[in-house]
Amino acid sequence: MKKIDFSKYSSIKIGPVCDVEELDEIKNENEKFFIIGGANNLLISNNPPKLAKLSKKFDYIYEKEGFIHIGAATPSGKILSFCKKRDIRGFEMLQKLPGLLGGLVKMNAGLKEHEIFNSLVSIKTVNDYIKKEDISYGYRKTDIKHIIYEAVFKCEKGFDKSLFEWFETLRANQPTLPSAGSCFKNPKGEFAGRLLQECGLKGFRVGGVGFSKQHANFLANYGDGTFEDALKAIDIAKKEVKTRFDIELELEIKVVGH
Ligand SMILES: Cc1cc2nc3c(=O)[nH]c(=O)nc-3n(C[C@H](O)[C@H](O)[C@H](O)COP(=O)(O)OP(=O)(O)OC[C@H]3O[C@@H](n4cnc5c(N)ncnc54)[C@H](O)[C@@H]3O)c2cc1C
């Protein structure tokens, strides 16, 4: 058991100090926990469910017989540098995309059409490996119900340097204040950021939390933001967009324990 202060650990720097179980082995009883990764996509309430994270034992990456095996506690930066060094393609979008492998797979994280599922083969859960074909997935979503301990990917040669540089350019405009990345998913054929901006919400604040002046779809913590501020801002944004465009914005951020 570890005490984690989510106002420090989470990327949005909001949340309580609470006990988090550290999982060292693969076993059925782990499934009772809400599993966290790097907390880069989470907004944690003051009353969260029982939390757990994978121990360092699951932080590994290796290539074997044409496949890459990655432990679910492996950070995105480590995966990217492994692939860069060995000239492997398919992970270029991990440049400045924070997270641990388990969180990246569960969220089908990515940028534009470059998603982690593109080169996924299977995931290892408590019950064995589940093939990609048996997982339902889409834009920032999967139906994975179990804890992911490892994922296996195709090992395709040819790291795409120009793609990597393009991602780097896109990231240059990303807000630097603490956030959990994009707050809402882009509705089909639309951009959540544009809708928020049209509603006059770019730069709009509730207490210490607000929609970034740089990028309206980034919910930023200006220093003393609280869980309640964040929920209120989200609620106002959803209502404004619904009233003005008749579009229901869907959260990309996961609210935990509310
Ligand atoms: C500055 C910034 C930029 C970002 N840019 C992008 C972007 O371009 N594209 C993008 O897709 N995302 C982006 N994000 C969001 C975030 O990086 C991704 O959602 C990432 O996948 C989160 O990984 P994590 O390990 O932090 O997961 P967490 O935030 O800890 O958890 C996210 C979800 O994954 C689940 N989960 C975590 N570990 C496991 C596991 N081992 N097994 C099963 N489920 C698990 C959790 O239960 C939760 O439902 C950004 C975030 C920030 C702060």
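**A friendly note on this predicted model**

1. Let's start at one residue. Leaving out residues up to four places away in sequence, Ile 144 touches Lys 106, Ile 123 and Ile 135. Being in contact is defined here as having C-beta atoms, placed from the backbone, within 7 Å. Ile 144 sits in the loop between strand S13 (141–142) and strand S14 (150–154). Helices (H or I, at least four residues) and strands (E, at least two) are DSSP runs, numbered from the N terminus.

2. A word on the model itself. This is a predicted model, in which local features need pLDDT of at least 70, side-chain atom pairs count only at pLDDT 80 or more, and totals for chains, interfaces and linings use all residues. Residues are numbered from 1 along each chain as its sequence is written.

3. Is Ile 144 buried, exposed or partly exposed? Ile 144 is partly exposed, because it has 18 other C-beta atoms within 10 Å. The rule is that a residue is buried if 20 or more other C-beta atoms lie within 10 Å of its own, exposed if 12 or fewer, and partly exposed in between, with C-beta atoms placed from the backbone. From C-alpha to C-alpha, Ile 144 and Asp 134 are 9.9 Å apart in space, and they are 10 residues apart in sequence.

4. Now look at Val 20, in strand S2 (residues 17–23). Val 20 is buried, because 22 other C-beta atoms lie within 10 Å. Apart from neighbours within four places in sequence, Val 20 is in contact with Lys 2, Ile 4, Leu 51, Ala 52 and Lys 53. Val 20 and Lys 53 are 33 residues apart in sequence, yet 6.8 Å apart in space, C-alpha to C-alpha.

5. Which residues of helix H2 (residues 76–85) are buried? They are Ser 76, Ile 79, Leu 80 and Cys 83. These residues cover an arc of only 95° around the axis, so they lie on the same side of H2. The arc is that of the directions from the helix axis to the C-beta atoms. Their cover includes strand S6 (61–64), strand S7 (67–71) and H3.

6. Cys 83 counts as buried because it has 24 C-beta neighbours inside 10 Å. Not counting residues up to four places away in sequence, Cys 83 touches Ile 88, Phe 91 and Phe 159. Cys 83 and Val 17 are 66 residues apart in sequence and 35 Å apart in space, C-alpha to C-alpha.

7. Next, the backbone. Most residues other than glycine have a negative phi. Glu 65 has a positive phi near 45° and lies in the loop between S6 and S7. Glu 65 is exposed, because it has 5 other C-beta atoms within 10 Å. Asp 246 has a positive phi of about 55°, and its place is the loop between H6 and strand S19 (254–256). Asp 246 counts as exposed because it has 7 C-beta neighbours inside 10 Å.

8. The largest nonpolar core has 67 residues, and those with the most contacts inside it are Leu 43, Ala 72, Ala 151, Leu 196 and Leu 219. Helix H6 (residues 227–245) gives the most to this core, with six residues. A nonpolar core is a set of buried Ala, Val, Leu, Ile, Met, Phe, Trp, Tyr and Cys residues joined through C-beta atoms within 7 Å. Beyond its neighbours within four places in sequence, Leu 196 has contacts that include Phe 211, Ala 237 and Val 241.

9. Which residues come nearest to the ligand? Of the 32 residues around the ligand, they are Gly 37, Gly 99, Gly 102, Gly 103 and Gly 181. A residue is near a molecule if its C-beta atom, placed from the backbone, lies within 6 Å of it. Helix H3 gives the largest share of this shell, four residues. By class, the shell has 17 nonpolar, 12 polar and three charged residues. Here Ala, Val, Leu, Ile, Met, Phe, Trp, Tyr, Cys and Pro count as nonpolar, Asp, Glu, Lys and Arg as charged, and the others, Gly among them, as polar.

10. Finally, the domains. The domain assignment gives domain 1 (2–56), domain 2 (57–165) and domain 3 (176–256), with bounds that come from an automatic or database assignment. The contact between domain 1 and domain 3 takes 14 residues from domain 1 and 13 residues from domain 3.

Conventions
Contact = placed C-beta atoms within 7 Å.
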